[in-house]
Amino acid sequence: MIDCAIRTQNLNLFYGKFHALKDVDFCVYKNKITALIGPSGCGKSTLLRCFNRMNDIYEEVKITGEIKIFDQEINNIDIIELRKRVGMVFQRPNPFPFSVYDNMVYGLRIHGIKLKKSEEEEIVKSCLSSVLLWDDLKDKLHISALELSEEMKQRLCIARLLTIKPEIILLDEPCSALDPIATMRIEELMIELKKDYTILIVTHNMQQAARVSDYTGFMLLGELIEFGETSQIFTSPKEIKTEEYITGRFG
Amino acid sequence: MRIDQRFTDKFVKLTLNLQAIFTVGILMIIVFIIFIKGIRHFNLEFLLTFPEDMGRHGGIFPSIVGTILLVLLSLVFATPLGVGTAIFLTEYTKETKLTKIIRFGVESLAGIPSIIYGLFGFIFFVIKLKMGWSLLAGALTLTIMILPTIIRTSEEAIKSVPKNFRMVSYSLGATRWETTTKVVIPSAAPGILTGIMLSVGRAMGETAAVIFTMGSSLRLPTSLFDSGRTMAVHFYILAREGISMEKAYATALVLVLSILCINVLAYYYMHKVMSRYS
């Protein structure tokens, strides 16, 4: 049995009276890329946001069942600590309207990580290098992050996350605002990153799931219909609904 | 039918243009008249010397200092209070009865004529709290007067900070306070600053509220409890009591130029911010 970085059991989530997640039993394997696919509104982003408790921001959200992050019950982890360990990349690239450098050190600052200037610069360099931005940006650390291209912004957001050394990275349709070439390059980056991180990606793009992920979960109307190795899901799905979805009969 | 429509279109366009020209024209005329009438007495000496013979001769140095001190002191009180209120209203509460009452209060405060602030300041700060006619009493009165502007502009600026900045900050493990102070306020700072600059313009030009609370002493104010005379009050007294129209216009020129500069700066800044978010 491979280690689960995230494991849920009988996970149910309600937005007020709306039953958004239904009895989800799910596992994200360590150092693998797991993709969640499904039509819009199926609950895949909601499920993703359970793992860093971003749903807490919304009123009237009620969660029952169990979520474990590396075998630790999620509610027993301090929320700040949890969000440091489980990082998130959003759909739209969202660097702060600060300089590249200030974006990069934001995480360090809020977690009160006191470093010498040289150590801080070293972290900025290594994290920007891991997203292949260092060569482009090493002389431009003080320009506004808003001046970067969309792809570079998204890379910067990933790099900003890496500075606080998360164990798990959640990506919520990270390429939907990017062009195909930028998408391809972000995908290559994800494969690069899985050596060090566990990755869970929500995508509406089935080809993307097929290209990058090791495991895939298919969701429909709040239920996890099928979960398995990506190759199996895409070549011989066990569930009829999965087959219908991936062959494009609905969704 | 078509000719009618085209005519209407042209007519409306022409009228709107005229209206715009009219508005700018009035401003130009005012500035022009003040400039023509004030420029003769406007020189460095006027700015840097003390007035003599009730302001008939000499300069307006104490009034310039008095104006700057009064405005700065008002900002020292009003900025934290106003920005704090705006943060509370936008980041720390949901729409409830309380926020509605606060907003209603702020709106009402904005609509009160300045002389009422003057009377209130006189009764409360000058008499009741025994501050006398002083810089402090004047500044506190102006604080109440400019608070609505600061609260409203700050609120708008904070609201215009995209929600996803807050989300990403939370997702990185920041608390609400860290998100507010390190992301929201810095992002909203230019907008907040614009509001502050507009308030400065308003405070600088104020007479009614100031004359009742800070008095009109021509001496250089050196402590919080000194009376003083701002440029606006000086202008009012010179003109009202027929002391010297030339000096009055020269004072007005200094005042108008300062306020104009501040407004231009504010708009320039606002423009820069707008382009940053688009």
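I started with Glu147(A), which counts as partly exposed because 13 C-beta neighbours sit inside 10 Å. (For the record: buried takes 20 or more other C-beta atoms within 10 Å of a residue's own, exposed 12 or fewer, partly exposed is in between, and the C-beta atoms are placed from the backbone.) Glu147(A) is found in the loop between α5 (134-137) and α6 of chain A.

Ground rules before going on. This is a predicted model, where local features need pLDDT of at least 70 and side-chain atom pairs count only at pLDDT 80 or more, while totals for chains, interfaces and linings use all residues. Residues are numbered from 1 along each chain as its sequence is written, and chains are lettered from A and ligands numbered from 1 in the order in which they are written.

**Chain A overall**

I found 10 helices and 10 strands in chain A. (Helices are DSSP runs of H or I with at least four residues, strands are runs of E with at least two, and both are numbered from the N terminus.) The C-alpha trace of chain A spans about 55 × 40 × 35 Å along its principal axes. Its radius of gyration, 18 Å, agrees with the value near 18 Å for a compact globule of 251 residues. (That radius is taken over C-alpha atoms, and the globule rule is 2.2 Å times the number of residues to the power 0.38.) Of the 251 residues in chain A, 44% are buried. I checked contacts between residues at least 6 apart in sequence too: in chain A, 68% of them join residues at least 24 apart. (Contact means C-beta atoms, placed from the backbone, within 7 Å.)

**Two helices of chain A**

How do α3(A) and α6(A) pack? Their axes are 7 Å apart and the angle is about 35 degrees, with α6(A) covering residues 150-162. (Axes are lines fitted to C-alpha atoms, for helices over the stretch in contact, and angles run from 0 to 180 degrees between N-to-C directions.) On the α3(A) side I noted Val100(A), Asn103(A), Met104(A), Tyr106(A) and Gly107(A), which meet Leu156(A), Ala159(A) and Arg160(A) in α6(A). That contact has five nonpolar, two polar and one charged residues. (Nonpolar covers Ala, Val, Leu, Ile, Met, Phe, Trp, Tyr, Cys and Pro; charged covers Asp, Glu, Lys and Arg; the others, Gly among them, are polar.)

**Where the chains touch**

Next I looked at the contact between the chains, which takes 19 residues from chain A and 15 residues from chain B. On chain A, the elements giving two or more residues are α2 (79-85) and α3 (100-110). The largest share of that side, four residues, comes from α3(A). By class, the chain A side has 11 nonpolar, four polar and four charged residues.

**Chain B**

Chain B comes to 11 helices and two strands. The C-alpha atoms of chain B fill a box of roughly 65 × 65 × 35 Å along the principal axes. I get 41% of its 278 residues as buried. Chain B is divided into domain 1 (2-40) and domain 2 (42-277), with bounds from an automatic or database domain assignment. The C-alpha centres of these two domains of chain B lie 30 Å apart. Their contact takes seven residues from domain 1 and seven residues from domain 2. The domain 1 side divides into four nonpolar, one polar and two charged.

How values were computed: Two residues are in contact if their C-beta atoms, placed from the backbone, lie within 7 Å.
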